[in-house]
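Please open the structure in a viewer and keep the selection tool at hand. The stops below are intended to be followed in order.

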Amino acid sequence: MLGTGLLLYMLSKEIYVVNHETIAGASTLIVLIYAIRKFGPQVGAFADKLNEEKVAKAQEVKDTAINSLKQAIADENKEQWRVEGRNYLFDAKRSNVVMLLETNYRERLLHVYEEVKKRLDYQVNLQHVIFRREQEHMVNWVEKNVIQSLTAQQEKESIAKCIADLKVLSKATHASL
Amino acid sequence: MNENLFASFTTPMMMGVPIVVLIIIFPSILFPSPNRLINNRLATVQQWLIQLVSKYMLSIHNYKGQTWALMLMSLILFIGSTNLLGLLPHSFTPTTQLSMNLGMAIPLWAGTVVMGFRHKTKASLAHFLPQGTPLPLIPMLVIIETISLFIQPVALAVRLTANITAGHLLIHLIGGATLVLMNINPVTALITFIILILLTILELAVALIQAYVFTLLVSLYLHDNT
């Protein structure tokens with residue numbers, strides 16, 4: 001309202017003179033308004049896109065940092081859980097080693113026992129052998145002495161007796177058949 | 001009308017105070033300095049534009065030439081903005097004054113020449129003689145090349161002044177013609193008005209192009225002498 005009134009007043013009183021500059025201004029105005037209407041939104045959208053890209057880059061940096069830190073926390077937790085599990089591993093390994101040691105000890109014990117038994121068996125066998133030799137020697141000596149003591153006459157007499165006994169026995173057998 | 005035609009080219013005074021300095025400083029207000037990551041749209045578009053222009057303009061220079069980046073960028077921004085602002089009615093364009101254009105052209109050109117003589121004396125002197133000239137023509141050619149060298153700043157300044165001044169004069173003349181023809185024959189006035197619109201589009205282009213040409217030539221002189 002005020003603008004229209006002011007403009008008309010200035011024009012009618014020739015305070016604002018209409019000269020060539022007015023026409024020039026009018027043509028400039030027309031060109032400018034046309035350009036702004038046509039390209040204004042595009043330029044605005046472009047400027048917004050540029051800013052959006054900047055913000056997205058900064059955001060991406062922040063997100064990457066946060067994600068990497070979260071990943072680090074998860075890894076740390078996993079490592080802590082692993083450390084707890086490691087105790088069981090150590091216990092298993094320890095018992096394994098103890099078993100191995102014991103097996104070794106038992107084996108060696110067995111070995112010692114066998115060695116000792118072998119030596120004792122040897123001594124026992126040795127005693128047996130000596131005893132048997134002595135026995136045989138004694139028997140041989142007795143036999144030799146007995147045979148030496150047997151004279152020839154007694155030999156003949158025993159043989160004749162054996163024959164007479166045999167005849168009697170054979171007669172007895174014939175009779176029983 | 002004669003007085004009015006050239007009245008727009010006199011030094012603007014307001015109540016006897018020369019405010020031409022204010023007018024020269026004024027375009028710097030229109031370029032806000034971006035001091036955040038995300039600025040308003042104006043600053044973002046200007047920042048993108050300046051990056052684009054500087055990338056293309058400085059790609060031909062080596063390291064020494066690229067130290068002139070600030071100078072060249074502020075030059076193209078100043079000339080472009082003052083030329084564009086001059087298209088508004090009742091405005092004063094400082095680049096229409098030969099004094100100012102000479103003041104811009106001569107120091108810049110002299111800077112490139114002196115730099116060339118200081119750092120690459122032999123090559124700068126060798127510029128005076130094009131390759132492969134026959135022996136008897138040499139003295140003549142040296143004189144011609146010297147003249148052509150010394151005419152460079154004058155050409156820079158006069159080119160800019162003449163182009164902008166001629167454009168403004170044409171706009172005023174055709175605007176005046178349209179005004180007069182409106183009372184006599186409105187149809188012709190309409191045609192003249194359409195011509196004026198086309199001329200305005202041309203002047204917009206010329207404003208930008210002149211800035212570009214000025215800066216390009218300075219950078220070319222720099223490239224020769226770096």
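**A helix crossing between chains**

Begin by selecting helix H2 (residues 20-149) of chain A together with H8(B): their axes come within 7 Å and cross at roughly 105 degrees. The model is a predicted one. Because angles of 65 to 115 degrees count as roughly perpendicular, H2(A) and H8(B) are described as roughly perpendicular to each other.

Next, display the side chains at the contact. H2(A) contributes His20(A), Glu21(A), Ile23(A) and Ala24(A), while the residues from H8(B) include Ile171(B), His172(B), Leu179(B) and Met182(B). By class, this contact has five nonpolar, five polar and one charged residues.

**Along H8(B)**

Now select residues 138-184 of chain B, the 47 residues of helix H8. At 1.5 Å a residue they should span 69 Å, and the end C-alpha atoms are 64 Å apart, which agrees. Stop at Gln152(B), where H8(B) bends by about 40 degrees; Pro153(B) follows within four residues.

**An aromatic pair**

The whole structure holds two aromatic pairs over all chains. For one of them, select Phe46(A) and Trp48(B): the ring centres are 4.7 Å apart and the planes stand at 75 degrees, so the pair is edge-to-face. Phe46(A) lies in helix H2 of chain A and Trp48(B) in helix H3 (residues 41-58) of chain B, so the pair joins two chains.

Note on methods. Residues numbered from 1 in each chain as written. Chains lettered and ligands numbered in written order. Predicted model: local features only at pLDDT ≥ 70, side-chain atom pairs only at ≥ 80, totals over all residues. Heavy atoms only, no water. Expected span 1.5 Å × (residues − 1). Bend = angle between axes of the 7 residues up to and from the residue. Axes fitted to C-alpha atoms, helices over the stretch in contact; angles between N-to-C directions. Parallel < 35°, antiparallel > 145°, perpendicular 65-115°, else oblique. Contact = heavy atoms within 4.5 Å. Nonpolar A, V, L, I, M, F, W, Y, C, P; charged D, E, K, R; others polar. Phe/Tyr/Trp six-rings, centres within 6.5 Å; stacked < 30°, edge-to-face > 60°.
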